[in-house]
Amino acid sequence: MTEPQSVPPGDPLTVLAALGARLDELVDAAGPARWNTDTPAAGWDVAMQIAHLSWTDEVSVLAITDPEAFATVVETAMADPAGFVDAGAAEIAATGRDEVLGRWRRARGELADALWSADPGEKLPWFGPPMRPGSMITARIMESWAHGIDVADGLGSPVNDDPAFVAALPHVAKLGFKTRAFAYMMNGLEAPTSEIHVALTHPDGTAVEFGTAEADQRVSGPLLDFCLLVTQRVHLDDTDLETLGDDAAEWLRIAQAFAGLPGGGREKGTRS
């Protein structure tokens, strides 16, 4: 297995490509014998995790390059909103390791090309509200990072300090912050109107901040913990995040950076 390389900060497409390549290395190094290793996500082994990323990358390409075909996918999804994505991933996973990896690699390359060529100001269709290419890149970073964390945990390959995974953290955190109101909506709750300030500490000691600096509602703590929480890869009690204000505390209990129905999260003590 090659040594992880540093990832230039800033450019989101570069971050996304490096993250996918690094996860690919981890899975490839694990070999066929560990392809069906369980991950912390109940019912999802390594094969299912990679198949899910492949499916979503392929659908993202379709949304950019063929909106009419993508609309057909959305129409089909409406018939089974809770299980459609999982069914698509399971179908790909059943084709076998070599096919899944080849398909994922092709999809990553095609998506990078499509996002590079897309008009930055054009809104692209999606399962939720339409989004611009920049937002789609951030969403793909978030999902690749979250499922990559699951795969790495399942394989016993720590990536907390891996450059490709670390470079993704500010992008995941940004999306986690921006989806605050969305998390309330998905839980059938009315989002508070209060301003909030989020101050997070990067592994190198630098700060990442979002929101209104003077806000009474505040969240602070490690950047990694916040990213794990908003992707529901850790229980709140297993983080070092701190809150000030009832609205801030309530938000962290329901936070989700991903589209779709609220997840069940992780049990306390499963990742610390």
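1. **Ground rules.** This is a predicted model, with residues numbered from 1 along each chain as its sequence is written, and local features need pLDDT of at least 70, side-chain atom pairs count only at pLDDT 80 or more, and totals for chains, interfaces and linings use all residues. Side-chain values use heavy atoms, leaving out hydrogens and water.

2. **Confidence.** The average pLDDT (the predictor's confidence in each residue, from 0 to 100) is 92 for the protein, and 96% of the residues score at least 70. The stretch to watch is residues 1–8, where pLDDT stays under 50. For those residues the model has 18 contacts beyond four places in sequence, a contact being heavy atoms within 4.5 Å. Where pLDDT is low, the predicted coordinates should not be read in detail.

3. **The sheet.** Four strands make an open, mixed sheet in the order β2-β1-β3-β4. Strands here are DSSP runs (E, at least two residues) and helices are too (H or I, at least four), numbered from the N terminus; two strands pair if DSSP finds at least two bridges between them. β2 (207–211) and β4 (242–244) sit at the edges with a single partner strand each, so one side of each has no neighbour in the sheet. From one strand to the next the twist averages 10 degrees.

4. **β1 and its two partners.** β1 (residues 196–201) runs parallel to β3 (residues 217–222), joined by 6 bridges, whereas β1 and β2 pair in the antiparallel sense over 5 bridges. Ala 199 is a handy landmark: its bridge partner in β3 is Ser 220, and in β2 it is Glu 209. Elsewhere, Val 198 stands opposite Val 219 in β3, and His 197 has Gly 211 as its bridge partner in β2.

5. **The hairpin.** β1 and β2 form a hairpin with 5 residues between them. Look at Gly 205 in the turn, which has a positive phi of about 95 degrees.

6. **Helices on the strands.** α7 lies across β1 and β2, running at about 20 degrees to β2. α9 also packs on the sheet: it touches β1, β2 and β3, and its direction makes about 110 degrees with that of β3. Axes are lines fitted to C-alpha atoms (for helices, over the stretch in contact), and angles run from 0 to 180 degrees between N-to-C directions.

7. **α7 against α9.** Helix α7 (residues 163–178) packs with helix α9 (residues 223–230) at an angle of about 55 degrees, their axes 9 Å apart. That makes α7 oblique to α9; under 35 degrees counts as roughly parallel, over 145 as roughly antiparallel, 65 to 115 as roughly perpendicular, and the rest as oblique. The α7 residues in the contact include Leu 169, Val 172 and Phe 177, while those of α9 include Leu 224, Phe 226 and Val 230. The contact residues divide into 10 nonpolar, 1 polar and no charged. Ala, Val, Leu, Ile, Met, Phe, Trp, Tyr, Cys and Pro count as nonpolar, Asp, Glu, Lys and Arg as charged, and the others, Gly among them, as polar.

8. **α1 against α7.** Helix α1 (residues 12–30) and α7 pack at about 140 degrees, with axes 9 Å apart. That makes α1 oblique to α7. Among the residues that meet are Val 15, Leu 19 and Arg 22 in α1, and Phe 165, Ala 168 and His 171 in α7. This contact divides into 9 nonpolar, 1 polar and 1 charged.
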